[in-house]
Amino acid sequence: LPGNGYGHLAYGHVRDLAKDFVMMAGNPRTFGQSYNVTGPDMVTMNGYLQIIAKLAGKGVEVVYLDHWEATKAAAQHRDLLLFPWQYSRIPSIQKAKEDFGFWPEYDAQRCTEDTYRWYKAQHLDQMTYDFSFEDQLLATYGSDPQRHGRITPDGDMPQVGGG
């Protein structure tokens, strides 16, 4: 993970997005406007992995990369970091609530749970993935215990620095 894993993410569910579009359609107040449509909460990158660890019932070993290392890795392998990681983005959905009454049904936990169920139902957990690039990163950066963290399903947050 880039940095110390405490960068914030905001994400939403496709059902909430679809509901948002329906609510805006034909509403003149929304014409020409832009809105943030995410879940109602924020989660750190560590927190996101913690939700997944709990769903999967497995701990996650993490190696943290500094900004320049993550930038270089992402440039070499464009689908490595598919989320905004360079800094925390904290969008507000207040304008959507005020202009057309939008409020998401899915928070980060519920959104991730639903996505994980879909992932399992599609048998994507049984696919074979090529992790050779990630293995290269681990070979390069993984020997430094100061970079390591462990995220467990029971809710323990990572202890960076070999803790």
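Good morning. What we see is a predicted model. From the N terminus on, its elements run β-α-β-α-β-α-α-α-α-β. Along the principal axes, the C-alpha trace spans about 55 × 35 × 30 Å.

Let me begin with the chain as a whole. There are 163 residues, and 33% of them are buried. The chain exposes about 10,200 Å², of which carbon and sulfur atoms supply 54%. Now consider the contacts with a separation of 6 or more: residues 24 or more positions apart account for 79% of these.

I turn next to the interior. In soluble globular proteins, nonpolar side chains tend to be buried together. The largest nonpolar core of this model has 18 residues, and those that touch the most other members are Tyr11, Val43, Leu65 and Leu137. Helix H2 (45-56), helix H3 (67-76), H5 and H6 are the elements that give two or more residues to this core. Another core, of 5 residues, lies apart from it, and Met24, Ala96, Phe100 and Phe102 are among its members.

Let us look at helix H6, which covers residues 132-141. Which residues of H6 are buried? They are Phe133, Leu137 and Tyr141. These residues lie on the same side of H6, because they cover an arc of only 55 degrees around the axis. An α-helix has 3.6 residues a turn, so residues three or four places apart point the same way. Strand S3 (60-63) and H3 are included in what covers the buried residues of H6.

Leaving aside neighbours within four places in sequence, Leu137 is in contact with Leu65, Ala73, Leu80 and Gly142. Phe133 has a relative accessible area of 11%, and it counts as buried because that value is under 20%. With the neighbours within four places again left aside, Phe133 is in contact with Ala73, Gln76, His77 and Leu80. By contrast, the C-alpha atoms of Phe133 and Gly12 are separated by 29 Å; these two residues are 121 apart along the chain.

Is Tyr129 buried or partly exposed? Its relative accessible area is 39%, so Tyr129 is partly exposed. Together with Met127 and Phe131, Tyr129 makes a nonpolar surface patch of about 310 Å².

After H1 comes Gly26, whose phi is positive, near 75 degrees.

My last topic is charge. Side chains of opposite charge can pair when their charged atoms come close. A search of the whole structure finds 8 salt bridges. In one of them, the side chains of Arg15 and Asp114 meet at 3.4 Å, N to O. This pair links distant parts of the chain, since Arg15 is in helix H1 and Asp114 is in helix H5, 99 residues apart. Asp114 is buried, at a relative accessible area of 17%.

Asp114 also forms a salt bridge with Arg117, where the closest N and O atoms are 3.5 Å apart. Arg117 and Asp114 are 3 residues apart in helix H5, so about one helical turn separates them. Arg117 itself is partly exposed, with a relative accessible area of 49%. Through shared partners, salt bridges join Arg15, Asp114 and Arg117 into one network.

A further salt bridge pairs Arg150 with Glu61, and its closest N and O atoms are 2.6 Å apart. Here too distant parts of the chain are linked: Arg150 belongs to strand S4 (residues 148-151) and Glu61 to strand S3, 89 residues apart. How accessible are these two partners? Arg150 is partly exposed at 40% relative accessibility, while Glu61 is exposed, with a relative accessible area of 54%.

Thank you for your attention.

How values were computed. Residues are numbered from 1 along each chain as its sequence is written. This is a predicted model: local features need pLDDT of at least 70, side-chain atom pairs count only at pLDDT 80 or more; totals for chains, interfaces and linings use all residues. Side-chain values use heavy atoms; hydrogens and water are left out. Patches are made of residues with over 30% relative accessible area and no salt bridge: like charges are joined within 9 Å, nonpolar side chains (Val, Leu, Ile, Met, Phe, Trp, Tyr) within 5 Å. Accessible areas come from the Shrake-Rupley method with a 1.4 Å probe; for residues, only the protein chains shown count as cover. A salt bridge is a side-chain nitrogen of Lys or Arg within 4 Å of a carboxyl oxygen of Asp or Glu. Helices (H or I, at least four residues) and strands (E, at least two) are DSSP runs, numbered from the N terminus. Buried means under 20% relative accessible area, exposed over 50%, partly exposed in between (1.4 Å probe, protein chains only). A nonpolar core is a set of buried Ala, Val, Leu, Ile, Met, Phe, Trp, Tyr and Cys residues joined through side-chain atoms within 4.5 Å. Contact means heavy atoms within 4.5 Å. The arc is that of the directions from the helix axis to the C-beta atoms.
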